[in-house]
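Q: I'm new to this structure and would like a close look at one part of it. Could you walk me through the surroundings of a ligand and the helices and strands that belong to the picture?

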Amino acid sequence: DPKNPIRTTDPGALQMLEMIKDKNIETVYDRVVAQQPQCAFGYKGICCRICIAGPCRVKKEDGPGSRGICGASAYTIVSRNIVRMIAGGAASHSEHARHVLHTAHALVDGHADDYEIKSPAKLHKLAEKLGVATLDRGDKDILRDVVEIGYADFGRYQDRPLAFLDSFMTEGRRKKFQHTNIMPRNIDGSITELIAQTAMGVDSDPVNIIFGGLKSALADLGGEYIGTNLSDVLFGIPEPIVSEANLGVINPKMVNIAVHGHNPVLSEMVVAAARAMKEEAVKVGAEGVNIVGICCTGNELLMREGVYLATSSASQEMAILTGALDAMVVDIQCIYPAVQTIAECYHTKVITTEAIMKVPSAQHIAFNTTTAMEDAKKLIKIAIEAYKHRDPKKISIPNEKHKLVAGFSVEALTEIFSKINPERPISVLTDAIQSGQLKGVCLMAGCNNLKRAQDESHITVLKELVKNDVFVISTGCSSGAFAKFGLMSPLAVDTYAGEGLKSFIQTLEAANPQLATGLPLVFHVGSCVDNSRAVDLAVAMANELGVDIPKVPFVASAPEAMHEKAVAIGSWCVTMGLPTHVGSLPPVEGSDLVYGITTQIAHDVFGGNFIFEVDPVIGASKLLDALEYRTWKLGIHR
Ligand code: NFS
Ligand code: SF4
């Protein structure tokens with residue numbers, strides 16, 4: 001029902017909405033209803049605003065009204081619009097990566113004393129991949145060379161491929177990208193080239209436009225590699241860790257600070273500062289400082305520090321509605337401007353920290369790598385001060401929260417598998433698929449999109465997949481959904497896993513008595529930048545099986561994709577050779593040609609393709625079909 005304002009299934013958010021129902025507070029759930037019906041031209045991608053002769057719309061099947069003023073056809077307009085979303089996504093991930101790179105650079109130059117090389121092991125592994133010498137060298141020297149390569153990936157002018165992308169690929173993908181001329185030379189250049197390519201009066205060939213888009217999508221993946229790998233170097237490789245999720249993690253007796261956004265460079269420092277400033281919180285009558293995460297910076301902290309996850313993107317406002325959130329510290333991406341509007345009805349301070357991300361009337365504290373700890377302490381002080389101004393009458397915290405196990409980097413998964421087969425750990429996974437115990441692997445990723453009820457599609461797709469013995473890894477707000485519903489807990493295995501998956505997980509547990517916890521139903525591999533970890537797993541499986549990725553029983557699903565970043569990720573998933581389900585349609589329906597390229601022709605060229613399907617049960621069954629087909633083919637060819 002498009003008019004129903006209760007557009008969520010998240011049990012914490014539902015409780016929160018019930019608690020405030022008499023208060024007349026506007027939330028995202030009201031605004032999404034107010035936007036209905038949404039513009040059909042925009043929805044289909046056939047509105048062009050690339051020059052100011054427009055906006056032009058494709059109004060007719062034929063004649064002058066079927067084209068823009070310049071004569072651009074539906075296929076040109078749709079393809080230009082969609083690849084510009086890829087450019088936006090690639091820019092977002094890459095700016096995030098650049099920030100991590102700057103921090104690593106400042107560290108080796110001695111200007112970031114609050115940071116350290118937490119994982120020399122990851123640094124050495126990365127150096128080896130990139131061909132950086134490590135023998136008899138100090139860690140900082142090695143890191144300096146790695147950072148140089150990272151910077152070169154942003155702005156290289158020579159004719160060589162993106163190092164952080166090239167060195168992680170299979171041989172087959174490397175050749176495919178060169179052959180189709182989409183291997184990016186540098187990140188910044190791919191994005192500007194794409195904007196130039198799609199400017200008024202430049203490219204009108206939809207195939208050429210889409211291939212330009214795919215180049216930027218691969219640049220996006222390169223940026224994600226830089227982000228994940230250098231974050232692991234600076235903050236540690238995630239390992240299995242127990243935590244809790246949903247709004248019930250907000251503790252009325254503590255100073256509560258939500259870190260919201262994406263960049264661990266800031267939020268890791270906030271966690272450290274909070275630990276150091278416990279006494280100051282005690283002085284104002286609190287038991288301490290409680291950091292809770294929202295969106296992907298929440299995922300970063302959950303993976304490495306076990307920090308509680310308060311909620312995911314669509315329900316971000318709910319954290320403030322508890323009346324017990326003292327500050328919301330934000331960096332970049334997926335932050336609703338509405339958080340400030342809502343915060344003004346409470347004592348909550350919203351604090352922005354990055355030069356490119358300000359919100360009118362929210363406080364701005366510039367966060368510098370050089371003075372990181374000092375800056376983070378300022379943020380904590382503001383929260384402690386705000387705590388004193390809480391209004392007890394306004395406090396109402398949903399009691400919903402669930403135990404979870406997270407922290408499954410590929411290193412952590414490999415370690416677990418190695419207890420069964422130390423020489424060829426990944427064969428534990430591929431053997432289980434070939435024996436029929438598992439149906440394959442699915443990466444569940446992506447956002448919330450209120451075109452349907454929040455989290456419903458994530459939860460439905462997951463339940464269908466695990467019931468059918470798919471090994472599911474997840475990232476981003478998809479992970480957020482599972483965590484909030486209690487599906488990332490070992491307890492969920494018995495209830496939801498099919499017999500094959502259940503026995504697979506039990507075998508892993510039996511071989512790993514050192515783990516202090518059972519294994520979960522779905523394996524959290526990190527933030528959206530950490531979708532690169534999923535590629536690492538797919539590449540490892542391909543190498544183990546001696547095939548290229550399009551033959552690996554590995555699929556992806558973004559049941560509730562929303563952000564431009566999700567468009568970029570979905571696009572590189574397809575070029576990597578993965579069948580990729582998307583449950584919220586991107587604006588491509590206005591051109592049968594573009595729709596056909598993304599869902600069919602892509603398969604002929606790359607071995608992966610989009611599966612657009614809004615019904616989560618049907619979406620899941622299409623993913624299962626894709627897995628079954630690949631496993632069957634693997635069987636014949638062996
Ligand atoms: Ni990913 Fe993570 Fe969430 Fe979507 Fe936004 S937080 S980077 S973009 S909404 S999954
Ligand atoms: Fe219209 Fe062409 Fe300008 Fe787009 S580029 S707004 S279709 S005139």
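**Around ligand 1**

A: Happy to! Ligand 1 has 15 residues around it, and those that come nearest are Cys 296, Cys 334, Cys 447, Gly 476 and Cys 528. Please keep in mind that this is a predicted model. Sorted by class, the shell around ligand 1 holds eight nonpolar residues, six polar ones and one charged one. Three helices each supply at least two residues of this shell: helix H13 (295-305), helix H20 (476-485) and helix H24 (564-575).

The axes of H4 and H24 come within 7 Å and cross at roughly 100°. An angle from 65 to 115 degrees counts as roughly perpendicular, and H4 and H24 are therefore roughly perpendicular to each other. On the H4 side, the residues that meet H24 are Ile 82, Met 85, Ile 86, Gly 88, Gly 89, Ala 90, Ser 92 and His 93. Their counterparts in H24 are Glu 564, Lys 565, Val 567, Ala 568 and Ser 571. By class, this contact of H4 with H24 is made of six nonpolar, five polar and two charged residues.

H4 has a further partner to show you. The axes of helix H4 (residues 74-108) and helix H9 (residues 187-197) come within 10 Å, crossing at roughly 155°. That makes H4 roughly antiparallel to H9, and the crossing of the two is left-handed. From H4, the contact uses Val 83, Ala 87, Ala 90, Ala 91 and Ser 94, while H9 brings Ile 187, Ile 191, Leu 194 and Ile 195. Here the classes are eight nonpolar residues, one polar and no charged ones. Notice Ala 90: this H4 residue takes part in the contact with H24 and also in the contact with H9.

Now for the strands. Six of them form an open sheet with parallel pairing, in the order S13-S12-S11-S14-S15-S16. At its edges lie strand S13 (523-526) and strand S16 (609-612), each pairing on one side only. From one strand to the next, the twist averages 25°. Within this sheet, strand S11 (residues 440-444) runs parallel to strand S14 (residues 554-558), and four bridges join them. One detail to look for is Cys 442, whose bridge partner in S14 is Val 555.

Finally, there is a second ligand to visit. Ligand 2 is surrounded by 13 residues, of which Cys 48, Cys 51, Gly 54, Cys 56 and Gly 68 are the closest. Its shell divides into 10 nonpolar, two polar and one charged residue.

Notes:
Residues are numbered from 1 along each chain as its sequence is written. Chains are lettered from A and ligands numbered from 1 in the order in which they are written. This is a predicted model: local features need pLDDT of at least 70, side-chain atom pairs count only at pLDDT 80 or more; totals for chains, interfaces and linings use all residues. Axes are lines fitted to C-alpha atoms, for helices over the stretch in contact, and angles run from 0 to 180 degrees between N-to-C directions. Angles under 35 degrees count as roughly parallel, over 145 as roughly antiparallel, 65 to 115 as roughly perpendicular and the rest as oblique. A crossing is left-handed if the near helix is turned anticlockwise from the far one by less than a right angle, and right-handed if clockwise. Two residues are in contact if their C-beta atoms, placed from the backbone, lie within 7 Å. Ala, Val, Leu, Ile, Met, Phe, Trp, Tyr, Cys and Pro count as nonpolar, Asp, Glu, Lys and Arg as charged, and the others, Gly among them, as polar. A residue is near a molecule or strand if its C-beta atom, placed from the backbone, lies within 6 Å of it. Two strands pair if DSSP finds at least two bridges between them.
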